[in-house]
Amino acid sequence: MRIFVCLKQVAARDSLLRVRRDERWIRDDALSHETNEPDTFALEEALRLKQRHGGEVVAVTAGPERAASTIREALAKGADRGVHIVDDGFVEADAYRTGQALAAAIGREPHDLILTGLQSDDAGFGQTGVVVAELLNLPYATIIMEISANGGRLRCKRELEAGWFQTVTLTTPALLTIQSGINKVRYATLMGIKRARRKPVRRYSLEELGVELRPQQRVRRLYPPQQAKQTEMLRGSPAEVAEQLLAKLRFEARVL
Amino acid sequence: MSVLVVTEAHDGAWHPMSFEALAAGQRVARAARRPLVAGVVGSDLDPLAEELATYEMAEVVCADHSALGRYTPDAYSEALRQMIDQINPSLVLFPHTYQTRDLAPKLATSLGRPFISDAVAIRCEEGETVFVRQLFQGKLHADIVAAEEAPHFASLQSGAQRGDSAQRGSSAAPVRRLQIAIDAASIRTRADAPYQEAADAVDLGAAGIIVSVGRGIQSPDNIPLAEQLARALGGELAASRPICDSGWLPLDRQIGSSGQTVAPDLYLALGISGAIQHVVGMKGSKTIVAVNQDEGAPIFELADYGVAADLFDIVPALLKALKNVD
Ligand SMILES: Cc1cc2nc3c(=O)[nH]c(=O)nc-3n(C[C@H](O)[C@H](O)[C@H](O)COP(=O)(O)OP(=O)(O)OC[C@H]3O[C@@H](n4cnc5c(N)ncnc54)[C@H](O)[C@@H]3O)c2cc1C
Ligand SMILES: Nc1ncnc2c1ncn2[C@@H]1O[C@H](COP(=O)(O)O)[C@@H](O)[C@H]1O
């Protein structure tokens, strides 16, 4: 089974986000970046499928030069090779254009299964996987909690709302978006990191893939959210805050 | 050109978010001076269509077909493509449900049009529709506009508009049953009937006070600290999803869109960032207190009282203060 896993590099979780002067995106320069956490569960699932069924795991990213470290990390964890579509424009690209580029690169090779995360921590479209599936004309299922593969048949446990689930059956080639938390992700070993250096990474430019990043939707302005509710911030030493809070809860909110 | 709201129902029962999307659609259609059309997709839709027709709108359109009984992306996107073809809307609005997450990106992509997902607000500005989305997990908001020809697709986040603000019409709107053709052979996924894993062992819905922990609790070894606080306040312990995924607390204590929905008198969130999927499960709480060391965390937008500090300083102080009084 040849499995492609889509991994996006995003601003690290605890980053201090500053809006860029043109108010279209954040200042990307002074940030540290990491692999979009939901995608690490997709990678882990791919590695486990390979352990069970054999085959190959290919880590794919569309991003600027710096995203090479996301591919390297995936290779160190056990992916066999990488595909990196290199362009700065992906940082602000919409799901449709990113999906086009990913589909163009993956579509060049035979593929049995494509896995993506559920959502990117930065743009949060929650769409890119399904866009790729549609462009490659593949059946798909989203928010997957469990996969059992039998020949070309995939039986998947799909999460529905409020504690409900559903079994969905489809045949490969197919795409699945993986729910976060479905497995315990592995860490890279020293040996893995060493081996990763020799693993191949195919780099593509947008021209090579025949994709343009002309946006379908555009950020007009980025800003800190306005307060919906009047929040009273309590300040002081921990002891002072605790006294204040209990007093408020007893005498103002009357919930204690 | 019209505004089309695509409602959602399962086994003859509405998904409640349908009416939030409907209310938003009514507002947008009025502002843009376009007729509002409500679409419903499924099988045996007559009772649903009649109920929908009591709301203020130009018409109800039904895609009623035996192949649409249970949702599959292939059949539903095909039905909606045919609906859109016959209605010719400028905007197609969905509630942002799991089904929409599955369906709308396929539908929009197949038509080469943008899907603006999970909007928290929609407004009309000089003839243009502006969508507000949360970025960076709610830490920033963005005004988004479509940069492509119509139809545009968008979905509305849970709670972005009150469902009970959908207006009834003075008389029933006409119901149009569309001719829909679906080739059963084109449906590539088989979807079985939904099931529930185990009935909720603890019903947090009845709790008056809930102390809820998120990833800020850092380690399973620190859960007892939160437990102590819950006990001292006479409340129940609950958690965000990652805590239950990691097995630090059982799944039946998870709050949010894939867990329980609660509305206690007091909800004390410790080290929870306030992602929308968590917030939908607790925003109805009477009083919300948030302790989070990041003052920019979205949970503070919702809290009545906020403490921007380390929970490992604040929780022991609270325990001590509670002891002093009792
Ligand atoms: C389809 C779908 C369904 C989902 N369903 C649910 C659901 O039902 N329930 C749910 O909760 N989530 C759900 N999620 C996940 C959700 O999007 C968030 O990822 C999750 O709620 C985040 O949990 P958290 O707030 O505990 O963690 P984080 O977002 O990591 O936040 C941790 C917070 O702790 C703070 N912190 C860290 N250390 C300290 C300290 N020492 N003192 C004080 N504060 C500290 C940080 O500043 C941060 O704000 C779902 C997601 C998707 C896509
Ligand atoms: N630039 C990218 N490179 C690789 N994968 C991506 C990229 N953007 C999105 N994805 C994948 O698509 C999923 C959904 O992303 P999004 O639609 O942005 O929420 C992510 O979890 C990734 O698996």
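Modeller: The side chains of B:Lys106 and A:Glu134 are joined by a polar contact of 2.7 Å, and since this is a predicted model, that distance, like every other value below, is computed from predicted coordinates. B:Lys106 has its place in helix 4 of chain B, and because its relative accessibility is 5%, under the 20% limit, B:Lys106 counts as buried.

The surroundings of B:Lys106 come from both chains. Once its neighbours within four places in sequence are left aside, B:Lys106 is in contact with A:Val130, A:Glu134 and A:Tyr140 from chain A, and with B:Pro73, B:Asp74, B:Ser77 and B:Arg188 from chain B.

Just after helix 4 of chain A comes A:Asn137, which takes a positive phi of about 55 degrees.

A polar side-chain atom of A:Thr128 lies 2.6 Å from an oxygen atom of ligand 2, while the backbone contributes a N or O atom of A:Ala62 at 2.7 Å from a nitrogen atom of the ligand and a N or O atom of A:Cys6 at 2.8 Å from one of its oxygen atoms. Taken alone, ligand 2 exposes 480 Å², and the protein buries 99% of that.

Ligand 1, by contrast in location, lies between chains A and B. It is surrounded by 31 residues, of which B:Ser240, B:Ile255, B:Ser273, B:Gln277 and B:Asn292 are the closest. By class, this shell holds nine nonpolar, 17 polar and five charged residues. Two side chains each place a polar atom 2.7 Å from an oxygen atom of ligand 1, one belonging to B:Gln277 and one to B:Asn292, and a backbone N or O atom of B:Gly259 lies 3.5 Å from an oxygen atom of the ligand. On its own ligand 1 exposes 990 Å², of which the protein buries 88%. Helix 6 (241-245), helix 7 (276-279) and helix 8 (311-325) of chain B are the elements that give two or more residues to its shell.

Elsewhere in chain B, helix 5 (residues 223-233) has B:Ile223, B:Ala226, B:Leu229, B:Ala230 and B:Leu233 as its buried residues. Because these cover an arc of only 125 degrees around the axis, they are on the same side of helix 5 of chain B. The residue that follows this helix is B:Gly234, whose phi is positive, near 75 degrees.

For a setting, chain A has seven helices and 13 strands, and its C-alpha trace spans about 65 × 45 × 40 Å along the principal axes. Of its 256 residues, 55% are buried, and the accessible surface comes to about 11500 Å², with 49% belonging to carbon and sulfur atoms. Among contacts in chain A with a separation of 6 or more, residues 24 or more positions apart account for 70%.

A:Pro200 is found in the loop between helix 5 (190-196) and strand 11 (201-204) of chain A. Not counting residues up to four places away in sequence, A:Pro200 touches A:Asp80, A:Arg81 and A:Gly82.

Key:
Residues are numbered from 1 along each chain as its sequence is written. Chains are lettered from A and ligands numbered from 1 in the order in which they are written. This is a predicted model: local features need pLDDT of at least 70, side-chain atom pairs count only at pLDDT 80 or more; totals for chains, interfaces and linings use all residues. Side-chain values use heavy atoms; hydrogens and water are left out. Buried means under 20% relative accessible area, exposed over 50%, partly exposed in between (1.4 Å probe, protein chains only). Helices (H or I, at least four residues) and strands (E, at least two) are DSSP runs, numbered from the N terminus. The arc is that of the directions from the helix axis to the C-beta atoms. A residue is near a molecule or strand if one of its heavy atoms lies within 4 Å of it. A polar contact is a pair of N or O atoms within 3.5 Å; within protein, one must be able to donate a hydrogen and the other to accept it, and residues adjacent in sequence count only if both atoms are side-chain atoms. Accessible areas come from the Shrake-Rupley method with a 1.4 Å probe; for residues, only the protein chains shown count as cover. Ala, Val, Leu, Ile, Met, Phe, Trp, Tyr, Cys and Pro count as nonpolar, Asp, Glu, Lys and Arg as charged, and the others, Gly among them, as polar. Contact means heavy atoms within 4.5 Å.
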